[in-house]
Amino acid sequence: MKKYRNWGFFIFLLPVLLWLFLLIVLPHIDLLIMSFRFEDDYGELTWGMANYKEFFGEPIYWLTFVRTAIYSLVVTFLTFVIGLPVAFFITKVVSVKYKGALTLLVLLPFWVSELVRVYGWMILLRESGVVNHLLLKTGLLAKPVEMLYNDAAMIMGLVYTTMLFMIVPLISVLDSLEDELIEAAFDLGGNARSVLFRIIIPYATPGIVSGSIVVFMLTLGNYLTPNLIGGKNSLWFTEQIYNQFIASFNWNQGSAFGFLLLILSSLIIWLGLKVSKQNLAKVVQ
Amino acid sequence: MIRSLPQSKTYSRGFRLYILLYFVFLFAPLLITCILAFNDSQFPSLPWKGFTLEWFTSDRPDRVGIFHDQSNLDSIWVSIQTAFFVSIISLVVGTCAAFLFEQENFKFKQLLYFLMLAPLVIPGVILGISILMFANSLGTLFEMQMDLDVPLLRPGFWLVVLGQFSFICTFVTLVVSARLKKFDHTLEEAALNLGANRFEVIWHITLKFLRPAILGSAAVAFLMSFENFNTTLFLVGSETTLPINLYLQLRDGSTPVINSISFLLIVSTSLLALTNLYFSSKQQED
């Protein structure tokens, strides 16, 4: 009996160890090591901080970095502000009959590839696009306007792509909020405002935190949406990483950038968990 | 404010309007993409020039429909193969991980569990570059030390499979673990008392119980792999997957053939999503 148990344990353990060490741990250690290597004046690889110095010395790099971080926070906040009423409507306002169907409709677009969704926005918004065509037809616009390739379009695109990851945790947390709590608050003289800020939002905090973490992480690491909707002006940090790896073929510099992005995302996620007193294992459930 | 309380007319109308606008926002890009796949025009834009199926079926030099577009058909086939292998490997390793974390106790279990969750918070781009570099370092090592050329370690099909597997496996682990938590251990004990060994128990009893979760996570794994862009971008070789191939075409301007591919993708993923939801709701009723 004992013997079988041990065998089973190692059969389960081995593939998991191989997965986590060969594909997660060692590659990231390699990333860290590579980021501290650089070519000196004689073209020899040596150890040092040159890649990080380059990052802080060149404003275009760290400004892009800061910009990406701030815009990711803005996107996270917008998905929350747009998503909360939708989740609230589905769980609390609409009659129970339609709840399942509406949830399904909210989820459906996100099964479709991100590329297809971004492409949809491109044919809607570009200069020869559908929105321009309709505005010209109705006479609201005299000549076509390029609506792609600006920050507003890019942020909208990012909100669109990550919306689901905010709405799903919000729906599941609001589902468990008892209607009686809200009724009691009104009986005790609360109004819509105080109910929202003192009942609904505090109650939904676990959902808000897990949604925010996923949205922030996905936005920060997004390449497709800034690149296609934001165009050349998008200045997204993942594009700097891509350029170092694929265009300049400077892997050491690219690793330093990658590691900085990893630190930023871990730091913000850690802060989010600390402030809301949650832990990662609970949040992903 | 909620359905059990009286609501003012403005409140409920305003709220409905907001939800309506939200759904327009959600579906407009997808609908327009589908509609323009059937427009008889050289460009994916209005005005409407009449209904045509040519962007699916045509084989003329100026208008190649998707069914004759070899480069896109090839990349669809590459994506299907990639997704197939990613799902299989993720299912095997993810199920092992679920058993490991739910049924075994060992030193460093917490640390290993934390590592298993890590791919959820590592941006896909970083996962891509670190796996690319590690494969490259290993490749150089093998070549220098043993004079061995390992094609597996160069960007290409199998590296894409490994890269996607590295984070999709976490999702499979979480889904299968959630189901395994609900497993009634007395069933296992009964089977063991009746003379079965541990593997017979797992094979005949536990895996049977896990089947809905395994099938559901297989569908999700397949889709996640099929659609993955960020990680694949750095690991892809000469055999491009569909998202990468579409991206390359989009950068150089677009033709309605992209709409027809999108239409097929939207229809097939919706069907897959609906089937998956149908079975998971049935599973909850059980």
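Helices (H or I, at least four residues) and strands (E, at least two) are DSSP runs, numbered from the N terminus. The views below come from a predicted model, in which local features need pLDDT of at least 70, side-chain atom pairs count only at pLDDT 80 or more, and totals for chains, interfaces and linings use all residues. Residues are numbered from 1 along each chain as its sequence is written, while chains are lettered from A and ligands numbered from 1 in the order in which they are written.

**View 1. The loop of chain B that holds B:F108.** B:F108 lies in the loop between α3 (70–103) and α4 (109–121) of chain B. Its phi is positive, about 65°, although B:F108 is not a glycine. B:F108 counts as exposed because it has 9 C-beta neighbours inside 10 Å. (A residue is buried if 20 or more other C-beta atoms lie within 10 Å of its own, exposed if 12 or fewer, and partly exposed in between; C-beta atoms are placed from the backbone.)

**View 2. The loop of chain A that holds A:Y149.** The loop between α6 (130–137) and α7 of chain A contains A:Y149. A:Y149 is not a glycine, yet has a positive phi of about 60°. With 17 C-beta neighbours inside 10 Å, A:Y149 counts as partly exposed.

**View 3. The side of chain B that touches chain A.** Here 74 residues of chain B are in contact with 72 residues of chain A; two residues are in contact if their C-beta atoms, placed from the backbone, lie within 7 Å. Helix α1 (residues 9–36) of chain B gives the most to this side of chain B, with 13 residues. By class, the residues on this side of chain B are 58 nonpolar, 12 polar and 4 charged. (Ala, Val, Leu, Ile, Met, Phe, Trp, Tyr, Cys and Pro count as nonpolar, Asp, Glu, Lys and Arg as charged, and the others, Gly among them, as polar.) The model scores ipTM 0.84 and pTM 0.86.

**View 4. Helices α9 and α12 of chain A.** The axes of α9 (residues 192–220) and α12 (residues 251–276) of chain A come within 10 Å and cross at roughly 170°. Axes are lines fitted to C-alpha atoms, for helices over the stretch in contact, and angles run from 0 to 180 degrees between N-to-C directions. The two helices, α9(A) and α12(A), are therefore roughly antiparallel to each other (a term for angles over 145 degrees). Residues of α9(A) in this contact include A:T205, A:V209 and A:F216; among those of α12(A) are A:L261, A:I268 and A:G272. The contact has 8 nonpolar, 5 polar and no charged residues.

**View 5. A:I167 in the largest nonpolar core.** This core has 135 residues, of which A:I167 and B:I129 touch the most other members. A nonpolar core is a set of buried Ala, Val, Leu, Ile, Met, Phe, Trp, Tyr and Cys residues joined through C-beta atoms within 7 Å. Helix α7 (residues 151–175) of chain A gives the most to the core, with 15 residues. Not counting residues up to four places away in sequence, A:I167 touches A:G83, A:V86, A:A87 and A:V106.

**View 6. B:G216 in helix α8 of chain B.** Helix α8 spans residues 198–227. B:G216 has 19 C-beta neighbours inside 10 Å and so counts as partly exposed. Leaving aside neighbours within four places in sequence, B:G216 is in contact with B:V175, B:N276, B:F279 and B:S280. B:G216 and B:A273 are 57 residues apart in sequence and 10.0 Å apart in space, C-alpha to C-alpha.

Note on methods
Parallel < 35°, antiparallel > 145°, perpendicular 65-115°, else oblique.
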